[in-house]
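Please keep the sequence and the structure in view while reading.

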Amino acid sequence: MSILVFGHKNPDTDTICSAIAYAELKGKTGKKVKPARLGEVNEETKFVLDYFKIQKPELIETVAGKEIMLVDHNERTQTADGFEEAKVLELVDHHRISNFNVDEPLYVRMEPVGCTATIILKLFKEKNLLPSKETAGLMLSAIISDTLLFKSPTCTEYDVKAGKELAEIAGVNLEEYGLEMLKAGTALGGKSESELLNMDMKIFEIDGKRIGVGQVNTVNEEEILERKEKLISEMNTLNSKENLDFFLFVITNILSNDSIGIVAGNGNEIIEKAFNGKVESNTVLLKGVVSRKKQVIPPLTRAIQGN
């Protein structure tokens, strides 16, 4: 039986592409590993998979009784159903460690870089291996997505170096392909409110608070803000369903590198403290904010903890 490798629920490009890349690496070292996913792929990831002619990984409902490897996440609220009944063998990630408990020792590779795929390229090279042309393209796409083409504050020199190396292996023009890919991910017009919120939504547990943070990239935030009332209604439904204290939906303009947050639930005081701004009519201006990992969750954590 194959070992399953997968990223978080509501998968983004890094989660899908890193699962495929890590499965290839493990296959080259003699392991029987299969990439999987925990949800539908978004428009950006569809563009990437179509561009490099790679099939999306199999959708799995539960991992109970399976041997598994995790990429691009570690928090219990973001991983697969049946996690407690699975055997975790390996973890490769670039996020904070939280709510992660396992029964047995495992291999862990965590680095504070902009993208999981950057770490996976290091792992390929440590084994004196390189990814295939197509997989290099997927890994490059993951880095472009997570670093917003190297503009995000999460981006490191390792991500830039890895991106350039992978572009060469994949045979693509980094800047041209990167812009085309990011724009493909901003095609949101056909999405329902529920789909928009769940495209890239994660749940975090911080000092007794349970919060949801979703994010979309766009070149026209007004198009999404026109649907604010319907989005708030859907966010309140999510708050009840997931037992959340509040939900913050971050709309990021990839051209201006600013965001606007829509807020639902009992989070105004925390959000105002975290971002030093006023929540008015359920919205808050997030000037210069593009990264959930580095610019949204840390200040929310400090505000919740009273720091």
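## Strand S8 and its neighbours

Strand S8 and strand S9 (residues 246-253) run parallel and are joined by 8 bridges; two strands are said to pair if DSSP finds at least two bridges between them. Within this pairing, Thr 218 has Asn 253 of S9 as its bridge partner. Strands here are DSSP runs of E with at least two residues, helices are runs of H or I with at least four residues, and both are numbered from the N terminus. The model is predicted, so local features need pLDDT of at least 70 and side-chain atom pairs count only at pLDDT 80 or more, while totals for chains, interfaces and linings use all residues. Residues are numbered from 1 along each chain as its sequence is written, and side-chain values use heavy atoms, with hydrogens and water left out.

Strand S7 (residues 201-206) is joined to S8 by 6 bridges, and these two strands run antiparallel. Met 201 has Gly 214 in S8 as its bridge partner. S7 and S8 form a hairpin with 2 residues between them, and Asp 207 in the turn has a positive phi of about 50°. Strand S8 (residues 209-218) is mostly covered, as 8 of its 10 residues are buried; buried means under 20% relative accessible area, exposed means over 50%, and partly exposed lies in between, for a 1.4 Å probe and protein chains only.

## Aromatic ring pairs

A pair of aromatic rings is described by the distance of the centres and the angle of the planes. Rings of Phe, Tyr and Trp (its six-membered ring) pair if their centres lie within 6.5 Å; planes under 30 degrees apart count as stacked, over 60 as edge-to-face and the rest as tilted. By this rule there are 6 aromatic pairs. The rings of Phe 52 and Tyr 177 have centres 5.6 Å apart and planes at 65°, so this pair is edge-to-face. It links distant parts of the chain, 125 residues apart: Phe 52 is in the loop between helix H2 (43-51) and strand S3 (58-59), and Tyr 177 is in helix H6 (residues 174-184). Both Phe 52 and Tyr 177 are buried.

The rings of Phe 83 and Phe 100 have centres 6.2 Å apart and planes at 50°, so this pair is tilted. Phe 83 counts as buried because its relative accessibility is 7%, and Phe 100 counts as buried at 17%. Ring pairs also link Phe 47, Tyr 51, Phe 52 and Tyr 177 into a cluster.
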